[in-house]
Amino acid sequence: MNESVHLSRQFDEDLAGLRTHVLEMGGLVEAQIRSAVDAYASGETGVVKDVVDNDRRVNEFEKLIDDHTIHVVARRQPTASDLRLVMGVTKIVTDLERIGDEAKKIAKGARRVHEHGQPTLPRATEIRHVASEAVSMLRRALDAFARLDVPLAGEVIHADAKVDAEFKALVRQLITYMMEDPRTITTAIDIVWICRSIERIGDHAKNIAEHVIYIAEGRDVRHSKEIPA
């Protein structure tokens, strides 16, 4: 094997390693969201501690991938599509880290709701539903990244409108509760922030999908109407 072939194979392994780390980080973040929403539904404060503690692992993944990307740029000097992949990964990792932060906020909000000792408003099933939509967006965005699937990334971008609409509906419902019974205000405000974090998770999943399109095609579709249907 000549040296150029050897270096090319090493470069391919470096890029594959980057992809793997990103997908592992994404899997951890997805589990964080599910645990946080379960904490809201069940009131299990032990789950909250696990989510908060695991946020350190998310941050460690971010540092690991940052170091890996610096190594790839410094040692391999990627060009064109490979450079887009490396740069896109740095942006995706930032969104994943922020999703982890939102999961931690949901868990802490769930703890406050149950510490208040008041009924959860609205019903946990409604929160679970919008959370499942956001988690689905994240999973599909990561699948699109794994396969550089532009149509799938487009589906994720379009799905964000549904999460936004459900978030607004929940907020309207919570405002109604607060107006009808001021005793629910403290709990309702905490739930608004939980819903807001779920909506933000959808936003970050949308960002990841936009980065996938940039990696695959070199198109920046942020703030653009030219998004695959």
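So, Asp 95: it counts as buried, because its relative accessibility is 4%. For the cut-offs, buried means under 20% relative accessible area, exposed means over 50%, and partly exposed is in between, with a 1.4 Å probe and protein chains only.

Before I go on, this is a predicted model, where local features need pLDDT of at least 70, side-chain atom pairs count only at pLDDT 80 or more, and totals for chains, interfaces and linings use all residues. Residues are numbered from 1 along each chain as its sequence is written, and side-chain values use heavy atoms, with hydrogens and water left out.

Okay, back to Asp 95. You'll find Asp 95 in helix 3, residues 80-116. Helices here are DSSP runs of H or I, at least four residues, numbered from the N terminus. What does Asp 95 touch, leaving aside residues up to four places away in sequence? That would be His 204, Asn 207, Ile 208 and His 211, where contact means heavy atoms within 4.5 Å. With His 211 there is also a side-chain polar contact, at 3.1 Å. By polar contact I mean a pair of N or O atoms within 3.5 Å; within protein, one must be able to donate a hydrogen and the other to accept it, and residues adjacent in sequence count only if both atoms are side-chain atoms.

Another buried aspartate is Asp 190, with a relative accessible area of 9%. Asp 190 sits in helix 6, residues 185-217. Again not counting residues up to four places away in sequence, Asp 190 touches Gly 109, Arg 112, Val 113 and His 116.

Now over to Ser 42, which lies in helix 1, residues 3-42. Ser 42 is partly exposed, at 42% relative accessible area. What does the side chain of Ser 42 reach at 3.2 Å? The backbone nitrogen of Glu 44. A polar atom of that Ser 42 side chain also lies 2.8 Å from the backbone oxygen of Asp 38. From Ser 42 to Val 86, 44 residues apart along the chain, the C-alpha atoms are separated by 40 Å.

Side chains of opposite charge can pair when their charged atoms come close. The criterion is a side-chain nitrogen of Lys or Arg within 4 Å of a carboxyl oxygen of Asp or Glu. How many does a search of the whole structure find? It finds 16 salt bridges.

Let me take Asp 53, which is partly exposed at 25% relative accessibility. Asp 53 meets Lys 49 in a salt bridge, 2.7 Å from N to O. Those two are separated by about one helical turn, because they are 4 residues apart in helix 2, residues 45-76. Asp 53 also forms a salt bridge with Arg 56, with the closest N and O atoms 3.3 Å apart. Here too the separation is about one helical turn, since Asp 53 and Arg 56 are 3 residues apart in helix 2. Lys 49 counts as exposed at 52%, and Arg 56 is exposed with a relative accessible area of 52%.

One more pair: Arg 183 and Asp 181 meet in a salt bridge at 3.0 Å, N to O. Arg 183 is exposed at 65% relative accessibility, while Asp 181 is partly exposed at 22%.
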